[in-house]
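Hi,

Here is the structure I said I would pass on. Have a look at it first, and then read my notes below.

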Amino acid sequence: MGAARERSGRTAQHLVLVARLRHLREGAGLSVPQAAKTLGWHPSTLRRLEKAETSLDVGQVGALLELYGANAAEHEDVMGRLVAANAPGWWHPWRDAMDPWLMDVMSVESAAGVVRPWDPALVPLLLRTPAYAMAVDAALRPELDETARRRRADLLVERQRHLREQQTRVWAVLPVSALRCRVGGAGVMCEQLQALQEASERRDVTVQVHGEDAPPHPLTGVPALTLYRVESREIADHVVREGGLPGTAELLENEELVRAYQAMLDLSCVMAMRPTMTRKVLDDEFERYGESA
């Protein structure tokens with residue numbers, strides 16, 4: 001068996017390949033215990049492989065393809081994709097700046113066509129400026145020193161750049177009160193609001209706001225979350241649900257749960273101000289902070 005690569009999270013290519021292997025097993029009418037027993041493996045070995053928790057060993061994959069009765073074309077295609085599937089994602093050099101849960105999110109983010117964040121109290125992470133992100137970390141993650149906060153902010157900039165290069169649409173919704181939570185002082189807030197103004201004019205970004213007098217909507221009181229809509233049929237849509245201790249989050253891929261959160265986001269966006277009104281809200285908030293800067 002080849003050595004497992006250093007932990008940096010799954011990649012989209014890895015997720016696609018293990019999904020194909022799982023489908024081949026199911027098509028052969030084999031359960032995980034049955035397939036593992038035939039190969040002389042422990043069932044947990046195959047389960048971990050199908051969950052993309054280990055790198056894909058050439059010998060193991062070859063044995064699975066033979067057991068599942070893969071035809072020559074399928075065998076050649078799968079084996080040809082192994083190198084790419086085992087290659088670390090672009091975020092591998094940044095793993096020192098990542099909370100453990102984020103490493104598994106990155107594979108989904110790299111394949112997402114639409115990312116839909118909601119935050120009840122702050123500007124959503126993927127739309128933050130480095131200064132704003134560092135100020136949030138200073139308040140919520142006091143265990144992080146200045147160097148660590150800067151490193152995390154630089155990672156955020158890279159994530160934003162990759163999303164633009166992927167032409168991923170970011171569709172965010174938040175209450176106007178989130179724009180008034182004073183993070184890092186007036187200067188930081190003005191810079192953040194200006195960045196949101198610029199982002200809201202881009203074709204790949206939609207920002208919607210719930211006014212201060214708006215009625216309750218499905219996300220009222222719900223902690224920060226992000227829905228990832230993925231275009232690849234082999235990779236499920238995911239929801240990242242925050243709300244626990246700072247630096248922690250849950251990654252959900254259960255189809256029923258994801259659909260429920262999508263419905264909540266859909267209705268909340270219907271009830272929010274139209275995107276064409278966002279610029280005026282941001283201009284008003286910028287003027288408020290500009291007076292005190």
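**The pockets**

The largest pocket holds about 800 Å³ of space. Bear in mind while you look around that this is a predicted model. Lining that pocket are 40 residues, and the ones nearest its centre are Trp101, Leu125, Arg128, Arg152 and Glu242. Sorted by class, the lining comes out as 26 nonpolar, 5 polar and 9 charged residues.

Several elements share in building it. H7, strand E1 (112–118), helix H8 (130–140), H9 and strand E4 (225–230) each put in at least two lining residues. The biggest contributor is H9, which gives 6 residues.

Then there's the second largest pocket, at about 430 Å³. It has 19 lining residues, with Arg10, Leu15, Glu50, Lys51 and Glu253 closest to the centre.

**Helix H1**

Since H1 turned up there, a bit more on this helix. H1 runs over residues 12–27, so 16 residues in total, and spans 22 Å from first C-alpha to last, close to the 22 Å expected at 1.5 Å a residue. Its buried residues are Ala12, His14, Leu15, Val16, Leu17, Val18, Ala19, Arg20, Leu21, Leu24 and Arg25.

What do the buried residues of H1 pack against? Their partners are helix H2 (32–39), helix H3 (43–50), helix H4 (58–68), helix H5 (72–80), helix H6 (82–86) and helix H7 (100–109). Just after H1 comes Gly29, with a positive phi of about 75°.

**A buried arginine**

Back to H9 (residues 146–166), where you'll find Arg149. Is Arg149 buried or exposed? Its relative accessibility is 15%, and the cut-off for buried is under 20%, so Arg149 counts as buried. Leaving out residues up to four places away in sequence, Arg149 touches Met134, Asp137, Ala138 and Leu144.

**Cysteines**

How many disulfides does the structure hold? The count is 0. Cys181 is in no disulfide, and the nearest cysteine sulfur, which belongs to Cys190, is 15 Å away. A disulfide calls for two cysteine sulfur atoms within 2.5 Å. As for accessibility, Cys181 is partly exposed at a relative accessible area of 33%, whereas Cys269 is buried at 6%.

Cheers

Terms used:
Residues are numbered from 1 along each chain as its sequence is written. This is a predicted model: local features need pLDDT of at least 70, side-chain atom pairs count only at pLDDT 80 or more; totals for chains, interfaces and linings use all residues. Side-chain values use heavy atoms; hydrogens and water are left out. Helices (H or I, at least four residues) and strands (E, at least two) are DSSP runs, numbered from the N terminus. Buried means under 20% relative accessible area, exposed over 50%, partly exposed in between (1.4 Å probe, protein chains only). Contact means heavy atoms within 4.5 Å. On a 1 Å grid over the protein atoms alone, a cavity is a set of points where a 1.4 Å probe fits but cannot get out, and a pocket is an open set with protein on both sides within 12 Å along at least five of seven lines; lining residues have an atom within 4 Å of a point. Grid points are joined across faces, edges and corners, and a volume is the space filled by probe spheres set on the points. Ala, Val, Leu, Ile, Met, Phe, Trp, Tyr, Cys and Pro count as nonpolar, Asp, Glu, Lys and Arg as charged, and the others, Gly among them, as polar.
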